[in-house]
Amino acid sequence: MSKNEFICDCNVIHQDVVDSTKKNMPEQDLFNKLAEFFKILGDTTRVKILFALDQNEMCVCDIANVLGMSKSSISHQLGTLRRSGIVKCRKVGKEVFYMLDDEHVKQVFEVGIEHIEHKK
């Protein structure tokens, strides 16, 4: 397979495809938010936290124990995830339990894992 095999070497514009795509193109704000969403997922510690929360609703102490990290570092990352709308929490007495924000976050995370495992 040559290096240039995947380079388009034509000057044909498929105007119907271009017009259809441009018509459906969302506003820039959506792209900015989507890029930020994936950037938040681009941290190994946060991904490990999401994996743990995909398994169970957990408090900071439990997550810290699972990951072998300090409660402080877990709390910091949970704050980032919470502000980004990726996780949410509920308080029971003095305990705070974290979970994935909604089914969309769960699906994106699980599809990502499935994609990676399929590529092995």
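**Comments on the predicted model**

1. Along the sequence, the protein chain of this predicted model runs in the order α-α-α-β-α-α-β-β-α. That pattern comprises six helices and three strands.

2. Taken along the principal axes, the box filled by the C-alpha atoms is roughly 65 × 35 × 20 Å.

3. Burial and surface may be read together. Of the 120 residues, 23% count as buried. The protein chain exposes about 9300 Å², and 54% of this area is supplied by carbon and sulfur atoms.

4. Contacts across the sequence also deserve mention. Among contacts in the protein chain with a separation of 6 or more, 49% are accounted for by residues 24 or more positions apart.

5. Helix α3 covers residues 44-55, and its geometry can be checked. At 1.5 Å a residue, its 12 residues should span 16 Å; the end C-alpha atoms lie 17 Å apart, which agrees with that expectation.

6. At the start of α3, a side-chain oxygen of D43 comes to within 3.1 Å of the backbone nitrogen of T45. T45 is itself buried, as are R46, I49, L50, A52, L53 and D54 in α3. As background to that list, an α-helix has 3.6 residues a turn, so residues three or four places apart point the same way.

Key:
Residues numbered from 1 in each chain as written. Predicted model: local features only at pLDDT ≥ 70, side-chain atom pairs only at ≥ 80, totals over all residues. Heavy atoms only, no water. Helix = DSSP H or I, 4+ residues; strand = E, 2+ residues; numbered from the N terminus. Expected span 1.5 Å × (residues − 1). Buried < 20%, exposed > 50% of the residue type's maximum accessible area, 1.4 Å probe, protein only. Polar contact = N/O pair within 3.5 Å; in protein donor to acceptor, adjacent residues only side chain to side chain. Contact = heavy atoms within 4.5 Å. Areas by Shrake-Rupley, 256 points an atom, 1.4 Å probe, with all protein chains shown as cover.
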